[in-house]
Amino acid sequence: MLKDNLQELQQQETPFYVYDLNLLRQTLQLAATEAAKYNYHVHYALKANANAPILAEVLKAGFGADCVSGNEVKRAIESGFTPGNVVFAGVGKSDAEINYALDQDIFCFNCESSHELEVLNELAAAKGKKARIALRINPNVNANTHKYITTGLEENKFGINAWELESVLQQLSQLKNIQLIGIHFHIGSQITDLTVFKNLCTRVNEFQEWFVAHNITLEHINVGGGLGVDYYTPDANLIPDFAAYFGLFSQFLEVRPGQQVHFELGRSLVAQCGTLISKVLYIKKGITTNFAILDAGMTELIRPALYQSYHEIENLTSQKPEEKYDVVGPICESSDCFRKAVILPETSRGDLIAIRTAGAYGEVMASAYNLRDKATAIYV
Ligand code: LLP
């Protein structure tokens, strides 16, 4: 896609994000088709990318929205998602955020602590409303992913731990402005080993038994997101294996009559459609490798600096023999490095560099550090 649009890319001021809307549509379509086979509901995690043209496509595919801030709830609703299709998670929802979501009558609050339940109950009571909630349970399942994006272990700040459930149920029986409709899980992100999801299903089945034993019927089971993408060979796997992913849940997740199953996918839907395009500013001689200094840095894409994450790096304009470079940004931080020892065709000032698989958690995590301008976005 990138080389076919080289002329257009060369006319843009760098750095910028380019999104392949065709690939996005195909990805969404496939996810929707595979989920529909089992009547599963997919809520798109806005935190991955909340750009208007992306949300418009997600909406067309018929997905709901998964939000983690009041502004995300607002963005979703203003973009056309019906409030009845919006879920709202987060360990630290502020009163203003909760009040806004109550006013909008969203589908469900995913509640992460007993203290939050107490506050939500008070705020709902003040409005004479009953808030629908799912308990976010921490299933203590290891996601085998980077420690900063693991969320389902007991040591993490997310969710309610198993040993607290008994007292939370007692508490709920006193909270008149809260209606328990389901349970929610999210164990982490960029999960590439599907057996992790099988382990999650086993734990969810156990929790379901526990609720049945306590005479509680749950209408909704939300298993979160987390399906990973191929950062190493993006072109070989532009669309994740949604058939295997949803198929695994249909095989291992026990669903009771009338129960609805929900997913919250972010990265797997949008990561591959986005690329960060940057220009080479300088080539600088180093001791062992040379530096290719780009006009994009950690302010445009923080993932390598924050999670030591791998992104494919391509030189779109040089066909010369290969050399080795440390590809770095212009920010005054040593961690502002996209990757060390990258093999690229001989690279010169002005060459266009593509940093792939940047559609999820790229633009949304940009910062203005060093008073940098915000990178623009184009859609092809
Ligand atoms: N649901 C909840 C409650 C979440 O916290 C997340 C992601 C998702 C769904 C969507 O997960 P996904 O399908 O995208 O894996 N900035 C990090 C990723 C942080 C993920 C946070 N939560 C990164 O760049 O890798």
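**Aromatic contacts in the predicted model**

The charged end of lysine 93 is placed over the ring of phenylalanine 88, at 5.6 Å from the ring centre; a charge sits over a ring if NZ of Lys or CZ of Arg is within 6 Å of the ring centre and within 35 degrees of the ring normal. The model is predicted, with local features needing pLDDT of at least 70 and side-chain atom pairs counted only at pLDDT 80 or more, whereas totals for chains, interfaces and linings use all residues. Residues are numbered from 1 along each chain as its sequence is written, and side-chain values use heavy atoms, without hydrogens and water.

Rings of Phe, Tyr and Trp (its six-membered ring) pair if their centres lie within 6.5 Å, and planes under 30 degrees apart count as stacked, over 60 as edge-to-face and the rest as tilted. By this rule there are 17 aromatic pairs. In one of them, the ring centres of phenylalanine 185 and phenylalanine 207 are 5.8 Å apart and the planes stand at 45 degrees, so the pair is tilted. Phenylalanine 185 lies in the loop between strand S8 (178-184) and helix H8 (195-213), and phenylalanine 207 in helix H8, so the pair ties together parts 22 residues apart in sequence. Helices (H or I, at least four residues) and strands (E, at least two) are DSSP runs, numbered from the N terminus. Both phenylalanine 185 and phenylalanine 207 are buried (under 20% relative accessible area, with a 1.4 Å probe and protein chains only).

Phenylalanine 197 and tyrosine 245 form an edge-to-face pair, with 5.1 Å between centres and 80 degrees between planes. This pair links helix H8, which holds phenylalanine 197, to helix H9 (residues 242-252), which holds tyrosine 245, 48 residues apart. Phenylalanine 197 has 0% relative accessibility and so counts as buried; tyrosine 245 is also buried, with a relative accessible area of 0%. One aromatic cluster is formed by Tyr38, Tyr40, Phe197, Phe242, Tyr245, Phe246, Phe249 and Phe263.

Technical notes:
Buried < 20%, exposed > 50% of the residue type's maximum accessible area, 1.4 Å probe, protein only.
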